[in-house]
Amino acid sequence: MIADHAVAPIVLDACNPGPMTGAGNNTYLFASNGTAVLVDAGVGHADHLAALERALSDNHASLEAVLVTHGHSDHVSGVPALANAYPEAVFAKFLLPDDDRRHHIRWRPLVDGQEIRAGDALLKVVHTPGHSPDHVAFWHDASRGLYTGDLVIADGSVVIEASRGGNLTEYLASLQRILELEPRQLFPAHGPRVDNPPALVRAYLEHRRRRERQVVAAIEAGHLTVEAIAESIYHGLEPRLMPAARENVRAHLAKLAADGLAADRDGWRML
Ligand SMILES: [Zn+2]
């Protein structure tokens with residue numbers, strides 16, 4: 001029997017490169033002892049499905065479950081194709097009933113602290129809302145590895161879409177929570193593995209604190225709207241990235257409002 005700490009999931013590229021997904025999503029396949037569990041579903045690209053089929057066959061494993069980190073389309077839209085190819089597989093996520101209906105699948109619920117056997121590996125569900133309310137990460141204690149979905153990206157920052165359920169206060173608490181797990185490595189859904197998690201997560205927290213100071217300064221300088229505040233902070237940003245930048249500004253404004261520091265009274269003001 002292979003020891004649990006020796007687990008190394010197979011990275012399967014979801015083959016969906018784009019402006020918001022970078023090189024495309026990483027999905028992670030844990031396969032051993034005849035069974036396999038896939039973390040994140042990708043988008044149903046034929047090459048992803050073919051690579052999955054090959055990996056299962058190479059490892060003489062059948063796909064038992066697909067666990068998704070959250071309901072954003074680059075993580076779940078491959079579910080129907082996977083359900084079609086693997087009718088015996090279970091599909092699981094942290095439930096968000098209004099949102100989950102559109103995936104046309106009967107989800108098995110994931111809850112915080114739940115343990116899931118993935119071949120030889122044992123994965124623990126860590127509810128990490130903020131990027132989305134239903135976001136979870138998967139903790140593999142034996143290797144101190146965390147499969148982080150969209151919590152972090154090694155070479156960029158994560159969009160908190162306030163108008164689609166993103167919540168910066170929750171996101172910062174989730175970052176703090178993963179820091180406290182003392183992970184050795186992070187495995188994001190986009191980009192390379194992170195080998196120095198504390199440095200990256202602390203840099204993220206500092207980045208958000210700096211951004212909040214910029215938003216406060218923009219309001220104090222008389223910028224009243226999301227658009228004006230975003231333009232003053234992200235001046236010169238590629239136009240196609242501007243909507244995401246505005247979402248980040250909205251997330252900061254919602255946090256400042258929740259903290260009782262700012263309010264929208266015919267335009268944003270500090271209190
Ligand atoms: Zn996402």
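Residues are numbered from 1 along each chain as its sequence is written, and side-chain values rest on heavy atoms, with hydrogens and water left out. Because the model is predicted, local features need pLDDT of at least 70 and side-chain atom pairs count only at pLDDT 80 or more, while totals for chains, interfaces and linings use all residues.

The zinc ion comes first. Its protein donors are H70 (NE2), H72 (ND1), H131 (NE2) and D150 (OD), and they lie 2.1 to 2.2 Å from it. Donors here are N, O and S atoms within 2.8 Å of the metal (3.2 Å for Na, K and Ca); water is not among the atoms, so sites may look incomplete. Along the chain, the donors follow the spacing H-x1-H-x58-H-x18-D. The four donor atoms subtend angles of 90 to 173° around the zinc ion, which makes the arrangement irregular. H70 is buried, at 0% relative accessibility, and so is H72, at 10%. Buried means under 20% relative accessible area, exposed over 50%, and partly exposed in between (1.4 Å probe, protein chains only).

Next come the cores. A nonpolar core is a set of buried Ala, Val, Leu, Ile, Met, Phe, Trp, Tyr and Cys residues joined through side-chain atoms within 4.5 Å. The largest one has 22 residues, and those with the most contacts inside it are L146, V152, Y171, L175, L186, V201 and Y204. Strand 9 (136-140), helix 5 (168-180) and helix 6 (197-220) each supply at least two residues of this core, with helix 5 giving the most, six residues. Helices (H or I, at least four residues) and strands (E, at least two) are DSSP runs, numbered from the N terminus. Apart from this core lies another, of 20 residues, including L52, A55, A61 and V68.

T148, in strand 10 (residues 145-149), is buried with a relative accessible area of 0%. Leaving out residues up to four places away in sequence, T148 touches H135, A137, L186, F187 and P188, contact meaning heavy atoms within 4.5 Å.

Strand 2 (residues 26-32) has six of its seven residues buried. Four bridges join strand 2 to strand 1 (residues 10-13) in an antiparallel run, and five link strand 2 to strand 3 (residues 35-39), again antiparallel. Strands pair if DSSP finds at least two bridges between them. Strand 2 and strand 3 form a hairpin with two residues between them, and N33 in the turn has a positive phi of about 55°.

Helix 8 (residues 242-258) has 17 residues and should span 24 Å at 1.5 Å a residue, which agrees with the 24 Å between its end C-alpha atoms. The expected span is 1.5 Å times one less than the number of residues. The buried residues of helix 8 pack against helix 5, helix 6, helix 7 (226-233), strand 12 (262-264) and strand 13 (268-270).

H60 has a positive phi near 50° without being a glycine and is exposed at 68% relative accessibility. H104 has a positive phi of about 55° and is exposed at 72%.

Note on methods
Tetrahedral: all angles 85-135°; square planar, octahedral: opposite > 155°, others 65-115°.
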